[in-house]
Amino acid sequence: MNAIEIKNLVKTYKGGVKALKGVDLCVAQGDFFALLGANGAGKTTLIGILTGLVNKTGGQVKIFGNDIDVDFEGAKKSIGVVPQEFNFHMFERVQDIVVNQAGYFGIDDSIAVRDSEGILKRVGLWEKRRAIARTLSGGMKRRLMIARGLIHHPRMLILDEPTAGVDVELRHGMWEYLRHINAQGTTILLTTHYLEEVEQMCRNCAIIKEGEIVLLDNVRHLLTRMPQDTYRVTLKERISLEKAQAFNAVKVDDHTLDIEIKKREELNEVILRLAQSGFVITDFHPKGNRLEKLFLEIVSK
Ligand SMILES: Nc1ncnc2c1ncn2[C@@H]1O[C@H](COP(=O)(O)OP(=O)(O)O)[C@@H](O)[C@H]1O
Ligand SMILES: [Mg+2]
């Protein structure tokens, strides 16, 4: 069964902005799926429709087989949402925020209190359960949003740019946690404009541009379609133009080369050949992000 089935989804906002122009999209149960796109592409609109915050103009949406036009409540139960902005009450206590959310799904307080323990422990907030939300760090607030989204044990967690504005270290911690939830069986759909996030976590992805899906692919396959990586190499010794050419490199200056590497395995070879020719490498780093390049290539078409 598919977690999400979207057919010909259209959204035109009042005033005439066409945010979605006939989107078709399926996300399999158990998938870790990224909806990738620039600002204004339509990601939040699409998520808003799935979660009932935005009314669609046309098209069909099924969540685990439930058509949202027919059984929205049924569809809603299977979704946990983590919006981009912190939208809990800042003066409430951590555990209360999670427990109160359960009320919206008709879950008894006693059950919610019991379940919140496991969830808060998993997101590393159990020690903070009595803290006023406002006093939490940014990363803790983000984890609180996730805990709240999980209290009714949804089959799918939807996160809208979960790591936007989150520092690198915390981002990695979140990736690990989301991978863990996914491995436990929860389908995950997230939106992001961080390509690295897609590369690190997701199994499948779609790229949305101006309200249209322009690419739908398996992330591993996408990576094989990547343009070549260019590495910038700094050498202690000067290098001649002929020598640089012998390495298939572009000479940037007397000590600097740009070398194209097609496969990771070639890295070692290049380093070895440079060393064998008597060069000492003082710096070696990728010039740009490959996924970024491909993304730009796709969205600029
Ligand atoms: N409530 C709204 N009213 C009118 N236009 C909107 C509204 N929300 C979003 N839009 C417009 O719809 C388009 C898609 O926005 P959005 O879904 O927020 O994109 P993303 O989340 O990918 O940044 C943008 O052009 C945006 O300005
Ligand atoms: Mg958005």
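User: How do the residues of the shell around ligand 1 divide into nonpolar, polar and charged?

Analyst: First, the ground rules: this is a predicted model, where local features need pLDDT of at least 70, side-chain atom pairs count only at pLDDT 80 or more, and totals for chains, interfaces and linings use all residues. Residues are numbered from 1 along each chain as its sequence is written, and chains are lettered from A and ligands numbered from 1 in the order in which they are written. For the classes, Ala, Val, Leu, Ile, Met, Phe, Trp, Tyr, Cys and Pro count as nonpolar, Asp, Glu, Lys and Arg as charged, and the others, Gly among them, as polar. Here the shell has four nonpolar, seven polar and one charged.

User: Which residues are around ligand 1, and which helix gives the most to the shell?

Analyst: A residue gets in if its C-beta atom, placed from the backbone, lies within 6 Å of the molecule. That picks out Y13, G15, V17, A19, G37, N39, G40, A41, G42, K43, T44 and T45. Helices (H or I, at least four residues) and strands (E, at least two) are DSSP runs, numbered from the N terminus. Helix α1 (residues 43-50) gives the most, with three residues.

User: Is strand β3 buried or exposed?

Analyst: Count the other C-beta atoms within 10 Å of a residue's own, with C-beta atoms placed from the backbone: 20 or more is buried, 12 or fewer is exposed, and in between is partly exposed. In β3 (residues 32-36), five of the five residues are buried, so the strand is largely enclosed by the rest of the structure. F32, A34 and L36 point one way, F33 and L35 the other, and all are buried. For the chain, 33% of the 301 residues count as buried.

User: Which strands does β3 pair with?

Analyst: Pairing takes at least two DSSP bridges between two strands. β3 runs parallel to β8 (residues 187-192) over five bridges, with L36 opposite T192. It also pairs in the parallel sense with β9 (residues 204-209), over four bridges, and there F33 has N204 as its bridge partner.

User: How is the chain divided into domains?

Analyst: Domain bounds come from an automatic or database domain assignment. Here they give domain 1 (2-224) and domain 2 (229-299), with C-alpha centres 40 Å apart.

User: What is the order of the strands in the open sheet of four?

Analyst: Read across the sheet: β12-β13-β11-β14, with antiparallel pairing. β12 (249-253) and β14 (281-286) stand at the edges, each with a single partner strand, so one side of each lacks a neighbour in the sheet. The twist averages 25° from one strand to the next; axes are lines fitted to C-alpha atoms, for helices over the stretch in contact, and angles run from 0 to 180 degrees between N-to-C directions. Inside the sheet, six bridges join β11 (residues 229-235) to β13 (residues 256-261), running antiparallel, and T230 stands opposite E260. Helix α10 (residues 265-276) packs on the sheet, touching β13 and β14, and its direction makes about 145° with that of β13.

User: What does F64 touch?

Analyst: Contact means C-beta atoms, placed from the backbone, within 7 Å. Not counting residues up to four places away in sequence, F64 touches M1, A3, S78 and R155. F64 is in the loop between β4 (58-63) and β5 (66-67), and counts as partly exposed with 18 C-beta neighbours inside 10 Å. F64 and A3 are 61 residues apart in sequence but 4.5 Å apart in space, C-alpha to C-alpha.

Methods
Two residues are in contact if their C-beta atoms, placed from the backbone, lie within 7 Å.
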